[in-house]
Amino acid sequence: AAGCTGRGESAIANLSAYSMVRAMESGMTPAQAAMDASKRAADHTKEKRLRRPDGKPNFNISFYCCRKDGAYGGASFYPGGTFAVHDGAEGKVLPCIPLFDK
C-alpha cells in the first residue's frame, strides 16, 4: 500500500502511489520506493511558479508505503514530513527521510 500527502496535483500527476507499489514489487524496500517517488515528483516539477530560485519545488509532499510483511518507509522533499504507522502493538508518527535539506 502507498499514499502521499501535500500538493495532491503533483502526487497525482506523477502517479506517486502507483509508482511506489510498483517499485516495491520490483524489489525496493518501502523507504527506497518512497524516496524514488519523491525524486520523480521533484524532477517533474517544471512550472516556474512551483519552483524556488534554486530550481527545487517550493512545496513539500510526504510519501509513505508499506509491504504486506509489515515493512514500511517514508520520504519527503524537505525535513519535517511525517507518516503514521501501527506495528500491531502501538501507533507512532515517524519522520520521513528528506530528499533535500531545507
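A residue counts as buried when its relative accessible area is under 20%. In this predicted model, phenylalanine 77 and tyrosine 78 are both buried. For phenylalanine 77 the relative accessibility is 0%, so the residue falls in the buried class. Phenylalanine 63 is likewise at 0% and therefore counts as buried.

These residues take part in ring pairing. A pair of aromatic rings is described by the distance of the centres and the angle of the planes. The count comes to 5 aromatic pairs. In one of them, the ring centres of phenylalanine 63 and phenylalanine 77 lie 6.0 Å apart and the planes meet at 55°, so the pair is tilted. Ring pairs join Phe59, Phe63, Phe77, Tyr78 and Phe100 into a cluster.

Helix packing was examined next. The axes of helix α2 (residues 16-25) and helix α3 (residues 30-43) come within 9 Å and cross at roughly 140°. The two helices are therefore oblique to each other. The crossing of α2 past α3 is right-handed. On the α2 side, Ser16, Ser19, Met20, Ala23 and Met24 make the contact. The contact residues comprise 7 nonpolar and 2 polar, with no charged residue.

Definitions and conventions
Residues are numbered from 1 along each chain as its sequence is written. This is a predicted model: local features need pLDDT of at least 70, side-chain atom pairs count only at pLDDT 80 or more; totals for chains, interfaces and linings use all residues. Side-chain values use heavy atoms; hydrogens and water are left out. Axes are lines fitted to C-alpha atoms, for helices over the stretch in contact, and angles run from 0 to 180 degrees between N-to-C directions. Helices (H or I, at least four residues) and strands (E, at least two) are DSSP runs, numbered from the N terminus. Angles under 35 degrees count as roughly parallel, over 145 as roughly antiparallel, 65 to 115 as roughly perpendicular and the rest as oblique. A crossing is left-handed if the near helix is turned anticlockwise from the far one by less than a right angle, and right-handed if clockwise. Contact means heavy atoms within 4.5 Å. Ala, Val, Leu, Ile, Met, Phe, Trp, Tyr, Cys and Pro count as nonpolar, Asp, Glu, Lys and Arg as charged, and the others, Gly among them, as polar. Rings of Phe, Tyr and Trp (its six-membered ring) pair if their centres lie within 6.5 Å; planes under 30 degrees apart count as stacked, over 60 as edge-to-face and the rest as tilted. Buried means under 20% relative accessible area, exposed over 50%, partly exposed in between (1.4 Å probe, protein chains only).
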